[in-house]
Amino acid sequence: MPAFAESGGGGAEPPLVESYLDLLRRGGIAPAEGRAAAAVEERELPLIDLECLMTPTGDEARRAACAGAMARAASEWGFFQVTNHGVGGALLERLRAEQARLFRLPFETKSRAGLLNGSYRWGAPTATSLRHLSWSEAFHVPLASISGSACDFGELGSLRGVMQEVADAMSRVAKAVAVALAGSLMQAAEEAEAFPAGCDETTCFLRLNRYPACPFAPDTFGLVPHTDSDFLTVLCQDQVGGLQLMKDARWVAVKPHPDALIVNIGDLFQAWSNNRYKSVEHKVVANAKAERFSAAYFLCPSYHAPVGTCGEPSPYRTFTFGEYRRKVQEDVKRTGRKIGLPNFLKQQPPQPQ
């Protein structure tokens, strides 16, 4: 068994080792996917220049070509990378430094109620199998709380301003990409400009992730396989790597690009697009030697907002984001996994006998 240091004693690390060993003692086995990690092919995602979208006076022909390239990537991959996105490298370096300071806080401090709106989470404390264990910790912060007095930043007062700057910059990227993708499927440009309905700075989330070095890698997930329950996600990651996605029924590893952000389609956009855009299963594989940092912006509507459709007939019945979230949580609690969009099909697939 690899050497490891157990957490505890006021240290910064969450009790991931203890959780792993407890699940192992209960007869757990490492995820089968992890054993094949060395054989996974590394691929470069489609790379798209956003300069013409982020500039109000951008050339219309270039904007249309950019939107078309994103639509193809959203249909074929569900993921793509963007450059010239307007989120400055210096700002992202400041965020990385603040993340390092944040996650170095003692575990008891990170997990106490109130810090960053009580948004800290680690691993999967309720996991009953190693397949459900994520070797990571995160703060999943509602944007509405960042500027509010109720969101306690403790001794990290400078983190508030940096998070707000990053959220504002990523919000502009998310909005520009979402409008362009919607416009590729809609006739009326003014309708696309209002897309997605019910999304604003009070409904979205910024998630700060840390993936500690893992003595049980590569047979351990940094983040378990999943799809995102939003319209789309904008991700900034470091150069450590570990992100993998499902492409043509096989896992492929995403090669990091130093100047790019990653965009991926969420479940709500797949439903709205009548399955033209794909919300693709993805995961993070733990690294034995290096910790990994990332930050993700989630474009979400209000809980009461109908998800809608780009046009009828739609394969999905009408549902709200709140209804979708509740059903996901119920399924995870009942079965240990997310079922997601199939629950909302107008025609339910036949149940196995």
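Thr220 sits in the loop that joins strand 6 (205–211) to strand 7 (221–226); strands (E, at least two residues) and helices (H or I, at least four) are DSSP runs numbered from the N terminus. The model is predicted: local features need pLDDT of at least 70, side-chain atom pairs count only at pLDDT 80 or more, and totals for chains, interfaces and linings use all residues. Residues are numbered from 1 along each chain as its sequence is written, and side-chain values use heavy atoms, leaving out hydrogens and water.

**Thr220**
- Thr220 counts as buried because its relative accessibility is 5% (buried is under 20% relative accessible area, exposed over 50%, partly exposed in between; 1.4 Å probe, protein chains only).
- A polar atom of the Thr220 side chain lies 3.2 Å from the backbone oxygen of Phe216.
- Not counting residues up to four places away in sequence, Thr220 touches Tyr20, Trp135, Cys214, Val285 and Ala286 (contact: heavy atoms within 4.5 Å).

**Helix 1**
- Helix 1 (residues 16–25) has among its buried residues Tyr20, Leu21 and Leu23.
- Strand 4 (120–122) is what the buried residues of helix 1 pack against.

**Lys247**
- Lys247 belongs to strand 9 (residues 243–247).
- Lys247 is buried and has no salt bridge, the nearest side chain of opposite charge being Asp248 at 4.1 Å (a salt bridge is a side-chain nitrogen of Lys or Arg within 4 Å of a carboxyl oxygen of Asp or Glu; Lys and Arg count as positive, Asp and Glu as negative, and His and the chain ends are not counted).
- The backbone oxygen of Glu76 is 2.9 Å from a polar atom of the Lys247 side chain.
- Leaving aside neighbours within four places in sequence, Lys247 contacts Glu76, Trp77 and Val252.

Note on methods:
A polar contact is a pair of N or O atoms within 3.5 Å; within protein, one must be able to donate a hydrogen and the other to accept it, and residues adjacent in sequence count only if both atoms are side-chain atoms.
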